[in-house]
Amino acid sequence: MKNKFVKAILVIVLGSALFTSCKPKNSGDAVSGDAAQRVYVAPGKYDEFYNFVSGGFSGQMSVYGLPSGRMLKVVPIFSQDPESGWGFSEETKPMLNTSEGFIPWDDQHHLELSQTNGEVDGRWIFANANNTPRIARVDLKRFKTAEIIELPNSAGNHSSPFITENTEYVVAGTRFGVPGDYENGDVPINTYKENFKGHISFIKVDKESGKMDLSFQLRLPGVNFDLSHAGKGKSHGWFFFTCYNSEQANTLLEVNASQRDKDFIMAVNWKKAEEYIKAGKGKIEKTKYAHNTWNDETHTGTSVIKDEVLVLDAMAMKDICYLMPCPKSPHGCDVDPTGEYIVGSGKLAALIPVFSFDKMINAIGKKDYEGDYEGIPVLKYNSVLHGEVQKPGLGPLHTEFDGKGNAYTTFFVSSEVVKWDIKTLKVLDRVPTYYSVGHLCIPGGDSKKPFGKYLIAYNKITKDRYLPTGPELTQSAQLYDISGDKMQLLLDFPTIGEPHYAQAAPADLIRNNGQLKIYDIKKNNHPRVAKGEKETKVVREGNKVHVYMTMVRSHFSPDNIEGIKVGDDVYFHITNLEQDWDVPHGFSIRRAQTAELLIMPGETSTLNWKPTKVGIVPFYCTDFCSALHQEMSGYIRVSPAGSNVPLSYSLGTNLPASSTK
Amino acid sequence: MNKSILLVLSLALAIACGKKEASAEDNYQPGGGEATTEAAADPASYDPKRGEGKYDTVELGATLDQAMATKGEEVAGVKCTSCHKMTDEKLVGPGWKGVTERRTPQWIMNFITNPDPMIDKDPEVQAQLEICLVRMPNQGVSDDEARGILEYMRKNDGVK
C-alpha cells in the first residue's frame, strides 16, 4: 500500500516535470507547408463541419466552423447573457430557475449530440451544468436552449450528459458523493462512508419532441463518478461510468483518493434497471427540482417545480451494476464504434486498459467476481480485460475513434495525442499538443459512425501561444488532419473558456435540419404580442405599466411615451415585425437595470424597467439594422411619483398637446 | 456640397446593402424555399412593367373584392403599414396612394413577394431607394396575402 502511494506520487512529480518540458519548443515545426490552404475557407464559402464546444465556466456553448476555426455563435445556456438578454428578459428568466430560485451562472463541461441508430442526427445537443446539477437540451433548428432540467440528489454533475444510441436516455452521474435530498444531510463530514451516496440520473427523451423527463435514479455507493459513455451495437442496453475515490475519502483527495491501485469502471445494465422499475422495485422519494421548458409559440419559458423522484437502490439489486477494476483514478470512459471495446483512462496510470464487452458478459455469466464493493459485484480485472496499451504517454484522459479501427487518446501530462490500434493495442503515431490537453473530438467520434477526417484537441493552457492578454490567457483548440497514417497539425484557434468536451457533425446535417429563419408572426402567441402598429398601446395597471411596442426598420411604435412615474414597474413587451432572415432589432433604455433585448424577426420579448429618476429617458435600437438605424429611437418622460401627467403615447404626432408646454 | 451629399448617400446605401450582399452570394437556401439566384441575370432582360418574380399576369376583377381587401388590410396591418402610409406621404417607404395606377398588378405582386432582386434591378425602385434609404424587407408574404394586399391597395385607390 505504502509503496503504491510512493509510486503514485512519483508519477505525479514526474508528470509535473514533463508538464513544462514536454510542450513543443517550436510548434511551428509541427505544421506542414500547406496547412494554411487546408484550413482556408474562402469568403462566402461554408465550413465542412460544425463544432459545438463547451464553454466551461462561461456556462455557454460556442459554435465553430471547421476547418476554419471561425467562431459562429455563442449559445447562452446556463449563464445570463447580456448580449441576447438570456436570463434578463422576463420570458427567459424561468429558464434559469431552480429549486433554490434563480441561478444565473454555471459551469458547462460536456456536450452530446442526439443520435439515431448510433449516428449523429443533428436535432438537439445536450449540455450539463456542473455546479447546480442541471441538464439542458439545445434545439439545433433554432440554436436556442429549449429545456433545462435540474437534478435532485446530485452534486457536481460531471459525468453527463451522455446518451444511448437512439437518444432513449440522457444520463448524469454525480461527481460528489452527498447524502440524498430525501435523507438527513446534517451529518458530520467524516461520516462519509456511512452517509454519503452517489446517484445516477436517467432522463428519458421523447422521440419526437425531445422533451425530457427524469425517469429514475440509481442509488449507489458514495464514489466520484467522472465520465461515461453508453454502449452501442452489441453493448446497447449498457452504460459505462468511470468512478474514482473508491477510497471514499473526504479530505485531501489528491492524496487520499489515490491510495488504491485500481478504482472502477461501473457497467450499468439499464434495460435491467427498467425491468425493476416496471416491477415496482423503485421507491418514490421526496425532493425538489425545477423543470424548465421553452415554448416556441409564446416565446416564453415556464418553470415547474417537481417534488418527487423514483429511486432504485442498485446496491440491493445484484444484477444491474457491475464494477470492473480500472487502474489509477480513471477519468475517460469511451466505447469504440463497434460497441465491443471500452477504453478506461486512469489519469494517474502509465498505460491504457481496454476492456472487452464480450468478456464482461462472459465473466458476469460465470460470476467471475473478486468480491463486492458495498453490495456491487466486482469482476476480475483479467477476466474482462482485452489488453493494455503499454507506454502510451503520461496522464491518459480521453479517447475518440476514427471508424477505421484506430483510437486517439489525449495525454494531459505529456501533452500529446496518441493514435493506437484498438485490436493490437500498438501505438501508431503521436503528435504534441500545445498543451495540457483535456478532451478531444472527432466528428461523430463517440458514435457508431465517426467522420474520421479531423481531430480537435482542447487545451487547458496556452502560455506563450498567442499575443499575451494579461495573467489570464485564452484557452485553445487545435485542429489535426487524421485522414492519413500520420496526424498533422493544421490550426490553432482560441476558444471561450474553458473548453471541455465538444461534439462535431457534418455541416449539411445541421443546416439542412429544417432550420428556422424567422419566427412566423402569424404563429406568435405571446400573450402580449402586438401584431402590427395598430395594436401598440400603453396600459397602466396600478403602478405596473405595460408597453405593447413594435419595432421595424427604422422605428419603434410608440416612440414617445409620457405619464410614466418614478416608482412605476414598467414592462416593455416588444414585437419585432420583421419577417426577414437575420434582421433582429435591439432595445435598450437609459440606465436599464438588466440588459438589452435582442429580438428576432417575428419574436416578442419583455424588458422590465423601474424608473428611479425624474427626466427624459431615451431608448434606442442596439443592432445596426438599416441606413436609418441611428434614427431608430424614442423618448420616455418620467414624472415624479404622484404626478398627474396623463399617460399618453404616440408615433409621428406630438401627443398630448400639453407636452409642448 | 453636392459631392458630399453623394458621398453620404452612397455610404448610406453601402450600409443598407451590407447585410444583403453577404447572403446574395449564397449557394444555400435554408428552409427549402425556392431558389432565387437570378442575381447574375442580364439586366437588359428585366421588364420594368412586369418586375421579376413568378407573376406574368394578374387578373383583376372589374369591381372590388371586398372580402379579399379586408383580408389584405389585416395582413398589411401586421407586415406593411409600419412603413407605408395610405396617403401619398412617405414614411419609411413611399405612401400607397395611387400605387395601383403607377404600377401593373403583376409588378406589385412580384415586388411584394420577391423584393430583393427587384431592388437590385428596377431603375425606379433604385431611384426610390435613394430617397428612402431602406431596402424593402422580404416580409415573408404568401401569395394569398400578397393578392389581398393588392386588393386593399385598389380599395385605397378608389376601386368600388
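The largest cavity is lined by A:Glu112, A:Gln115, A:Gly118, A:Ile163, A:Thr164, A:Glu165, A:His229, A:Ala230, A:Gly231, A:Lys232 and A:Asp446; lining residues have an atom within 4 Å of a cavity point. This is a predicted model, in which local features need pLDDT of at least 70, side-chain atom pairs count only at pLDDT 80 or more, and totals for chains, interfaces and linings use all residues. Residues are numbered from 1 along each chain as its sequence is written, chains are lettered from A in the order in which they are written, and side-chain values use heavy atoms, without hydrogens and water.

Cavities
- The whole structure holds five cavities of 30 Å³ or more, a cavity being a set of points on a 1 Å grid where a 1.4 Å probe fits but cannot get out.
- The volume of the largest cavity is about 70 Å³, taken as the space filled by probe spheres set on the points.
- In chain A, β6 (111-116) and β14 (224-230) each supply at least two residues of this lining; strands are DSSP runs (E, at least two residues).

Interface
- Contact (heavy atoms within 4.5 Å) joins 26 residues of chain B to 28 residues of chain A.
- Two salt bridges cross the interface of chain B and chain A, each a side-chain nitrogen of Lys or Arg within 4 Å of a carboxyl oxygen of Asp or Glu.
- A:Lys522 forms a salt bridge with B:Glu145, with the closest N and O atoms 3.3 Å apart.

Note on methods: On a 1 Å grid over the protein atoms alone, a cavity is a set of points where a 1.4 Å probe fits but cannot get out, and a pocket is an open set with protein on both sides within 12 Å along at least five of seven lines; lining residues have an atom within 4 Å of a point. Helices (H or I, at least four residues) and strands (E, at least two) are DSSP runs, numbered from the N terminus.
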